[in-house]
Amino acid sequence: MGNEVGTSWIRLIIGLLIVIGFSQINALFLVWLERKVAGHIQLRPGPKEVGPFGLLQTIVDGIKLIGKELITPLAADRKLFVLAPVLIFMPVLVGFLVLPFGPQLILRDMNIGVILVFAFSTFSVLAILAGGWAANNKYALLGAVRSVAQNVAYEIPLLLTVMSVVLMTNSLRFSEIVAAQGKVWFIFLQPVACLLYLICATAETNRAPFDIPEAESELVAGFHTEYSGMRFGLFFLAEYTNMFIVCAVATSLFFGGWYGPFGFDLGLPGVVWFLLKTYLLLFVIMWVRWTFPRIRFDQLMNFSWKVMIPLSLVNLIITAAVLKFV
Amino acid sequence: MAEKFPQPVVDQIYTLNLGPQHPSTHGVLRVLLDLDGEIIIKADPVIGYGHRGHEKMGENRLYKQFMPNTSRMDYLSGMIFNHGYCLAVEKLANIEVPERARYIRVICSELNRISSHLLWFGTYVMDLGGFTPFLYAFDDREQILDILDRVSGSRLTYSYCRFGGVTADIDYEFVDQTRAFLKRLRSRWPDYHNLVTKNVIFIHRTRDVGVISPQLAQEYGVTGPSLRAAGIPFDMRKIEPYEVYDRFDFEIPVGTKGDALDRYYVRMEEMEQSCRIIEQALDGLPKGPFINDEVPSSLKPPKGEVYFAFESARGQTGYYLVSDGSKYPYRCHIRVPSFGNLNVLTEVLRGTLVADAISILGSVDVVIPEIDR
């Protein structure tokens, strides 16, 4: 008994170290990927000077950010201002605990895994509000207010779509949800839910065309206007890590997690399939960002309350009815 | 828009200082916005940050020495400003211009108009949050800058026109490059329309946003594409054809509602019409001298005054010059379109959202240095 507890603790600590390392390197890689994707969409090569294919560019940028002065505005609420960047990165790491990278590659296969991810991703709104409020800047405040309204509006349809998947598997455990998709991915059974989830996930992570909390051309930099140096860097990295998490969740909920398409795994290990699909979804989100203009704030809210929420509710009810009576 | 939102509570109004350094004010414009939440109660543009005293400078230098100043006022359509200044002085001093020079000036001015509109297209979509079309437009604009750079030696501040002609003749390569550019630009329209014009988000951001009615436009002296979008076909190239514009077959695109989307359509169509003018001018390009050699270096126009109005990329622009018979103008005044186009915003912005303000500000396409002069 004592031995088991000991190994599980060691397992957890090693796992956490891997998670922290992976999430940082992954975020740096995603920043590089985004710039490369943006470059090629915009008829230019993107970063290419530092390291092979410019791969080390983001690391160099990170070093530059660390070297910069951390400016705290005089009128700012100091404690909150310093706390916000930390607050935004903490919940992001929790998500990695339950993500099913492979059949054996789950750090903690909790029976409330799905709830845990979404419960903690809500924290990031709190951090954005704290940062925007504490900076005592009108642009930052506007960005923070927008962010809260947007996240409240988009979390409801997000959870409703997730619920329809949970109803189909009768489980909140990621491993069981993925295991149920061995033959048919849920995107084919729940196409509407999948589409709604991807839209909500884009809005949830404040990505274009829903990037109104930071709306560069309107609010300068939105909620992180006053942040400099690595504090800004933390917001930046958290955004990409958040993106990875919502895409990884989408992969496990709709795209069959570690399984290949229609049961053919082509001899590749599950973790390869999982990462492949996740990065493909990330690419789609980046592709969308560099294609569409930004939605206006009231249109965004209308879209959520008048289209997304009714649609996801109807989808949930139909799913429930079909499961009950068919 | 205003009636859609509840009435503001007075003690919740706060002032947001948009600019003078802001990503979307394109230069040094400052707009004081009184906001209730995100709704604009009052918008007050503050101008003058880029004042350089161009008009006063005009009184202290030779007529030809003022030429570089003209392209620095509206730096995006410098060629058209050079062109207009030459026409004004030529009218004042009764200078004959050879046919070939007139055609060359029209070709270069229209190329400049396209480059100005392309830049507007890119930056406007960027204001709305779409970054990619910006680089596509700049890629096309670069071709024009290369063409004009070859003939004038400069990319933005050309000073290419001279009293009685132009500094250098164009050659076959110029003609070939220009034709190739027109072909290329026309092949790009489908891309632009698929990426932006047909985009649902773009249409929602611009339709019924920032409506400038014909009455309002006339009260504030709005000219150019913003006026034509309101449905008034007012274009100096048609109303009082100068140079050789009356010889070409082109249309004046007009809108119906006067909203930001109409202004977008008008500008996109104007680029196509400019392409038509350039094509016809290249086809009918006469042979002969490119400059009137008899114009003296230090010009002394006879006593008198002249006001000459022409169509720049942003609207009706005019030079008012008074000569007292000496080498220097007695008075040099410039009427710029952006001044009226900007001031109408005090009316238009009322009751809109901050996001709309950016959209409207971008859609009227103001160039601040030409207002500040």
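Modeller: Start with a hairpin. β2(B) and β3(B) form it, with 2 residues between them. Helices (H or I, at least four residues) and strands (E, at least two) are DSSP runs, numbered from the N terminus. This is a predicted model: local features need pLDDT of at least 70, side-chain atom pairs count only at pLDDT 80 or more, and totals for chains, interfaces and linings use all residues. Residues are numbered from 1 along each chain as its sequence is written, while chains are lettered from A and ligands numbered from 1 in the order in which they are written.

Colleague: Which residue in the turn has a positive phi?

Modeller: The turn belongs to the hairpin of β2(B) and β3(B). Its phi is about 65 degrees, and the residue is B:Gly37.

Colleague: How many bridges join β2 to β3 of chain B?

Modeller: Two strands pair if DSSP finds at least two bridges between them. β2 (residues 30-36) and β3 (residues 39-46) of chain B run antiparallel. B:Asp34 stands opposite B:Lys42. The bridge count is 7.

Colleague: Which strands are the edges of the open sheet of 3 strands in chain B?

Modeller: The order is β6-β7-β8, with antiparallel pairing. An edge strand here pairs on one side only. The edges are β6 (304-312) and β8 (329-335) of chain B.

Colleague: Which helix of chain B supplies the largest share of the side that touches chain A?

Modeller: Contact means C-beta atoms, placed from the backbone, within 7 Å. By that rule, 24 residues of chain B meet 23 of chain A. The largest share, 4 residues, comes from α7(B).

Conventions
Two residues are in contact if their C-beta atoms, placed from the backbone, lie within 7 Å.
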